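Thanks for making the time this morning.

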Amino acid sequence: MTKWNNLELRPAAPLATPWDMGATASKNLSDVLNALLADVFALYLKTKNFHWHVSGPHFRDYHLLLDEQADQIFATTDPVAERVRKLGGTTLHSIGHIARLQRLPDNDAEYVDPLDMLGELREDNKSLIKSMRTTHILCEGHGDVATASLLEVWIDEAEKRVWFLYEASRRGSPTGLSEKGRKPLERYRDGRGSS
Ligand SMILES: [Fe+2]
């Protein structure tokens with residue numbers, strides 16, 4: 001066992017980066033970006049979960065759509081984490097860290113109706129858009145134009161996901177929700193989970 005296995009003997013990690021816009025901006029932006037990153041990971045895994053477990057007559061379309069969306073969501077994780085490092089903060093370390101920060105709920109249900117999957121992901125992407133718009137305002141307040149410009153692209157991508165999820169849902173119902181699935185989705189919207 002090396003002395004570095006003993007946490008008390010470890011030196012403070014030299015993680016300071018040359019950020020020139022102040023400690024307050026660094027702290028505020030790191031906090032919101034890390035929460036956003038946790039949500040992005042949660043949404044990525046839920047989208048993959050539904051990609052893996054979707055079933056029914058539109059299996060191929062939904063399976064492929066959700067895989068495309070998962071790839072797009074995953075592609076944002078590294079740039080978000082690296083923005084946090086560039087502005088002097090530290091970012092997520094583990095799945096446990098994600099679980100502590102995520103605001104989007106998981107869905108561990110054994111079975112989810114395909115239209116409810118699309119509806120739930122649509123609501124999650126809408127929540128993500130809201131968080132990104134709030135984060136954008138904070139970035140503007142601190143003069144962080146780099147993060148703000150990245151967020152503009154990610155907001156556009158999330159809006160496209162919402163659009164596709166909405167249109168794909170309408171195939172089965174003009175409202176985008178299955179009659180059978182109304183109850184679970186309403187429960188989900190109330191924050192009580194969909195299982
Ligand atoms: Fe796959």
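Leaving aside residues up to four places away in sequence, L118 touches Y62, L66, L165, A168 and S169, where contact means heavy atoms within 4.5 Å. This is a predicted model, in which local features need pLDDT of at least 70 and side-chain atom pairs count only at pLDDT 80 or more, while totals for chains, interfaces and linings use all residues. Residues are numbered from 1 along each chain as its sequence is written, and side-chain values use heavy atoms, with hydrogens and water left out.

L118 belongs, with M132, to the largest nonpolar core, and of its 42 residues these two touch the most other members. By such a core I mean a set of buried Ala, Val, Leu, Ile, Met, Phe, Trp, Tyr and Cys residues joined through side-chain atoms within 4.5 Å; buried is under 20% relative accessible area, exposed over 50%, and partly exposed in between, with a 1.4 Å probe and protein chains only. Two or more residues come from each of α1 (23-53), α2 (59-75), α3 (77-86), α5 (114-142) and α6 (145-170), and α1 gives the most, with 10 residues. Helices here are DSSP runs of H or I, at least four residues, numbered from the N terminus.

What about α5 itself? Its 29 residues should span 42 Å at 1.5 Å a residue, and the end C-alpha atoms are 42 Å apart, which agrees; the expected span is 1.5 Å times one less than the number of residues. D113 caps the N-terminal end of α5, with a side-chain oxygen 2.9 Å from the backbone nitrogen of L115, and after the helix comes G143, whose phi is positive, near 70°.

In the loop between α4 (95-101) and α5 sits N107, which is buried at a relative accessible area of 5%. The side chain of N107 makes a polar contact with the side chain of E120 (2.9 Å), that is, a pair of N or O atoms within 3.5 Å, where within protein one must be able to donate a hydrogen and the other to accept it, and residues adjacent in sequence count only if both atoms are side-chain atoms.

Finally, W163 is exposed, with a relative accessible area of 52%, whereas F164, at 34%, counts as partly exposed.
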